[in-house]
Structures are given as C-alpha cells and as structure tokens.
Amino acid sequence: MIKEVYITETNCITPIGFDVASNIKNIRNAVSGIQLHDKPKLFNAPFYASIINDSDLDLAFAKVTSTENYSRLEKMMILALEPIIKKSKVLFNERTVFILSTTKGNVTALETENVGSAYLNQLAKTIAVFFGFKTEPIVVSNACVSGILAVSVAKRLIQAELYDNAFIVAGDEVSNFIVSGFNSFQAMSDLPCKPYSINRNGVTLGEATAAVLVSSNKEKAKIKIAGDSSINDANHISGPSRTGEGLYRSIQKALAEAKINANQIDYISAHGTATPFNDEMEAIALNRLGLENVPVNSLKGFYGHTLGASGLLETVISIQSALENKLFVSLGFDEIGVSQPITIIQKNEDATIQYFLKTASGFGGCNTAVVFEKVN
Amino acid sequence: MEALKQELKSKIIEVLNLEDVAVADINDNDALFGDGLGLDSIDALELIVMLDKDYGIKLVDPKEGKVIFKSIETMAAYIDENRVK
Amino acid sequence: MTADKKYIKSFCIIQNNQVWLNGEVVFETEPTVFSDFSKKTYQFLEMNYPKFFKMDNLSKLAFLGSELLLKTESNSLEENSTALVFANKSSSLDTDVKYQNSISDPENYYPSPAVFVYTLPNICLGEISIRHQLKSENSFFIFANYNPVFMEKYSNILLETEKADKVLCGWVEYYNEDYKAFLYLVDREGELEHNQEILKKLYNK
C-alpha cells in the first residue's frame, strides 16, 4: 500500500508579509511586492523588483536569535522555517530529513571573493545546525523548478519509507549576479511583469523564502500531494519547447498518478514568468491537455520571479487558495497575448477547489508538475 | 570594410566558441542564423554584447539584431556606420 | 511498487586526464588542462557535436561521461525514460566565478549571456537530454561529498514507482581544474549489483 503524503505546515517570508496570513491579506487587496528600486549595488539603473526590506528582516530575525554572522538569505530561510518547526513538534531523528531548495544560494559571497561561503552544502549545513537536524541535508538545485521539485522529492522519499517527515525551505535573493544575468538575456521587463499579456516583455525579479513540512501524518494535513512528475523538454537549454512537450508530459503523468482526469482540476498555479516564450509555451501545453477552461494564474505579478523559491512560495499561496476556496487574481495581466486560449483569473473570486495543479519550468529545459488534493 | 569583415569573422569564431570553423569557411553573405552557421538565440545575445564591448554600439531595440546579424556583410555595414570605438 | 533487483549496467570515471569505462582505461592524455583533455576526449569519442565547445567545464564533463554510457544504449528515435539523477559538491561555482569576474569591474562591465546560462548545475542535464532526446525525469542535487546512500535510494524509487525505466546517475564535480566524474547506468540487468557498498567501491576505484 503506497503511503499518502501531505503538506501539514506552511510559511513564507516575502516583501508583502512575514507569514502566510499577511501575504494572503495583501494578495486579496491586490498589493504587490513589486516596486521601483534604485539600488546601484544591484543594477546601474532603477529597476522593478520585489525585494524584502532589510530593516524589517533584521528586526524580525532579532526576535528569533541574537546570534550574528548569518547571511541575508540565511536569515530569510531561518525566519521561514522557525515557526513551522516550533509548531510541528516533530522529533529530529533519522526519520526527519531537511531539504533546501535554491538556485544560487549565497552567491553574493562571490562579490568579496569568498568562494567558500558560496557552497550550497555549506548553506544547508548552516541552516541544519541552527535547528539541530540530525540527518544529512539534501540540496535541490535545479533552476526555477527547484522549489516545487523539492516537494516532489520529499514525497518520493517518504513514500519509499525512508523518512516520515521532511522540512523544506526554498529561497533565493535578488543579487547583482542575477539581475545582470537576466538583463544580459534581455529577459528583464522595464515595467512590472504582465504574465500572459500581449505586451509582456520579460520577468520582474523577486526574492523570498518559503517553508513547508511534508509528512505521512494525516492528522494536521492541509493538503495531499497526489501526483508529481518532472520531464525535460530535450529541446534547448534556455528556451522552452515550442510544443510545451516537457510540461505537457509532466502534467499528464502527474494527473495519471493522482488518478484523475484533466477536467477534475479546479485551479492551476502556473509558472507565468511573463517572458514571450514561457507564457506561450504554457498556453500550448495547457491546451494540449484540455486545460484551457481551468482558472489559471501566475503569482509572479505579486512576487516577481523568485527563482529557487518560486515553486514552493507559489504552492504555499495556492494551498491557501484551496483551503479558502478562493481564486486569486493573476496580477499584472491585462489583455491576453498567447496564441492558445487559457482562462486567466482576472479578479478574486470564490470557487470550489478540490484539486489544483502547480507547474514550474526552468533553464535547462526542466519542468515540474504536482497535483494537490484537498483532504476531507 | 574588408578588414572589418575579416575581423568580424575571426571575432565570431572566438566569441561564440565555433570550433572547427575557420575564417575562410565563412562567406560574407552566408546566413549566420538558421541554416548557415547555425547560430542560436544565445549567440545573438552574445553578439549584442560584442557590439557594445568592441565597437561601443548599444542596441536600443534588441529586435534590430535580427536584421543586423543576418550576415557578415550586414554586420559590417551596420558597425561601419554606427561604431563609436 | 515493484522491487526487482537493480544492477549497474555500466559505469565510467573521468579523472586526472583518464577515462575509465567499466573498470578499464579506455583513453588518457598526458597531464594537461581540462579544456585540452576534454577536447581530446571528445575527438576520441568521435562526436560530431559542435555545441560541445559552447558548454562550460561542468557540462563538458557530464556530457562526455554520459556519451560513454549512453551511446550504445539508446536509439534516439525510440522513446525511452532514462532518468538523470546527478549531484556534486560545487554546483556551478566554477562558472559562477567566471561570470562574477565579467561583472566585477564597473569599467569593464560586459555580462555574458553565454556564460550566465551555465551558472546553474542542472544545465548539464539539459545538454544530455537534448543530445540523447531524453524526455525524462531529471534532478540535480548538492551534497558535501559523494552520497551513495542517497543516490542508491533515490534511483531505486524512480525505478520502483515506474517514473523511469533506467537511471543514469552521476557525481560530476568540477572546480578550478579539479574534476571527477563518476557515472553509471542503473537497470534491471547488469553484472554488478546496485547497492551503496559497490557504488562506494567503484567511486574510490
């Protein structure tokens, strides 16, 4: 009998709130984390991004510990994990694993040529030691699907009976490294991003951390992880497949594992980075699956593209969506600009959400799809 | 312009890591993208950086790249007219 | 879940200017830099794949290893679900440092998209997927050291839950001319049993 696996705790640290409730409140009021920033250390001109306020971060962190020497990202990660570890009362033994998801981790350490601090296993160790995890941390670093892929990895490990509980933290920072890189790709929008819109012209970068507890314990389950798959496009390392092949197959397999049909999906939390190619590819993949009438949003209008955090952060918000039976507006969307029809959520509305789908795609041709099912 | 064309051929080979391609293999009017040299979207972005770094030309609209980078001929003509360095 | 025995069908190691396949040296060069060694290995493998030269060092290393093991395996016209499960210690740090150097001097600020795209460790999986048309599961993990326990368990999970019919596993570590690639194909047939003891032994050759 295959074990059922659930997400039982969630939390997030973002520019629009340092807990889930504050984030949801701002989302309901269409308050975005995206603002115009003039930070010469990050970029040589003012640019739109979703960035956490340093004073807020330090103030909140000081309440958790007075110990210093944590990097900015480490503070964000510790803040995300701390309340859920406290609340869950899960024993830290060899049956509890810690998974960290990030694309670049402490890459800012390279600015001072401190390569040693940029190692991702070092980042994981720092967080693991802070909380006292007893097992070897697992780091998932798989471009922008990392955050949701980590959920998939946790589910697989628990179903294989290797662990009973998995704490996951996902995070990335807006850094000079990232901003300059996306800019060199001409992929950064000069205005707040407009997912799926006709005048979309690129991503708005963002930073955040999110944390969840994945468990085989049904007792405090918020949602069940019903099916998951991660299929590569095998097409190009930086552009998505024009037929959305990898995403199509990932969703198809996730649905099959969840033992449901496409028409049972009530809501899709898509990737929607607002680049011309990504959004078009998603529209094609969704249509191929007959999902064009399912309400879909991209949360990147609220958070920007948070890279290694995005898959998990957006899952955390989508879980609230499902629990509250509310669809949240796909902020930034104005006029449809993809060649295949899809049903963009244009205002907050009530809906019955029994099943929802989270998707993500990333550099390297990767895609991840996870089907979540409400627990009754 | 001949010298500029030769220079461009040599730079492209170096900047884009075109192993086994010699300057003599690239004809002035060969298509650089698609069937010709088979360059892709990342190569196009690198050429935009090269325009800036080596010739001081900042492309205002990156979509212009499609026309400018059609061939060595079109690249040389554009650079000749717009170069700052 | 099906729990048939799993085997290591084939394995290779690339280290110190040597290429080992199934326990035997199949190619080596005089001590030289990786760019030279990798080019000679590419030529030895008779690959006609110019994009190889656009890859960063990590991707070249992973690519060469996978070529050794996959060239006799799959017919790219056939569908196959060979999953890719790779890990290393340094992520893409070798390329990250190169990229950081291209943006550290404000007087010489020319961020390179061709370098930036390789500042993610999973790009090598994309390159392998494209070459061998693997529309399959792939994931990249980071560990402090080669972790045969995790690799054994995770690849078994993929096979037992039928998310893959074979798994190409790789520890592909590259940083500043210091490199080691240990790749192996896990399948339901093979000479060596797939377990952590054997993996540790092969890794330490």
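Biologist: In this predicted model, how do helix α6 and helix α7 of chain C pack?

Modeller: Helix α6 (residues 148-160) and helix α7 (residues 196-204) of chain C meet at an angle of about 125°, and their axes are 9 Å apart.

Biologist: Why is α6(C) called oblique to α7(C)?

Modeller: Roughly perpendicular covers 65 to 115 degrees and roughly antiparallel needs an angle over 145. The angle here is about 125°, so α6(C) counts as oblique to α7(C). The crossing of these two helices is right-handed.

Biologist: Which residues make the contact between α6(C) and α7(C)?

Modeller: From α6(C) come C:Pro148, C:Val149, C:Met151 and C:Glu152, and from α7(C) come C:Gln196, C:Leu199, C:Lys200 and C:Tyr203. Sorted by class, they are five nonpolar, one polar and two charged residues.

Biologist: What makes β2 and β7 of chain A edge strands?

Modeller: The open sheet has three strands in the order β2-β3-β7 of chain A, with mixed pairing. β2 (34-37) and β7 (205-206) each have a single partner strand, so one side of each lacks a neighbour in the sheet.

Biologist: How do you know that β2(A) and β3 of chain A pair?

Modeller: Pairing requires at least two bridges. Four bridges join β2(A) to β3 (residues 47-50), and the two strands run antiparallel. As an example, A:His37 stands opposite A:Phe47 in β3(A).

Biologist: Which strands pair between chain A and chain C?

Modeller: β5 (residues 138-140) of chain A pairs with β5(C) in the antiparallel sense, over two bridges. Two bridges meet the requirement of at least two. A:Val140 has C:Phe141 of β5(C) as its bridge partner.

Biologist: How many residues does each chain give to the contact of chain C with chain A?

Modeller: Chain C gives 41 residues and chain A gives 43. On the side of chain C, α5(C) gives the most, with six residues. That side divides into 21 nonpolar, 13 polar and seven charged residues.

Biologist: Why is A:Ala351 called partly exposed?

Modeller: A residue is buried at 20 or more C-beta neighbours within 10 Å and exposed at 12 or fewer. A:Ala351 has 14, so A:Ala351 falls in between and counts as partly exposed.

Biologist: Where is A:Ala351 found, and which residues does A:Ala351 touch?

Modeller: A:Ala351 is in the loop between β14 (349-350) and β15 (355-362) of chain A. Leaving out residues up to four places away in sequence, A:Ala351 touches A:Asp266, A:Tyr267, A:Pro295, A:Asn325 and A:Leu327.

Methods:
Residues are numbered from 1 along each chain as its sequence is written. Chains are lettered from A and ligands numbered from 1 in the order in which they are written. This is a predicted model: local features need pLDDT of at least 70, side-chain atom pairs count only at pLDDT 80 or more; totals for chains, interfaces and linings use all residues. Two residues are in contact if their C-beta atoms, placed from the backbone, lie within 7 Å. Axes are lines fitted to C-alpha atoms, for helices over the stretch in contact, and angles run from 0 to 180 degrees between N-to-C directions. Angles under 35 degrees count as roughly parallel, over 145 as roughly antiparallel, 65 to 115 as roughly perpendicular and the rest as oblique. A crossing is left-handed if the near helix is turned anticlockwise from the far one by less than a right angle, and right-handed if clockwise. Ala, Val, Leu, Ile, Met, Phe, Trp, Tyr, Cys and Pro count as nonpolar, Asp, Glu, Lys and Arg as charged, and the others, Gly among them, as polar.
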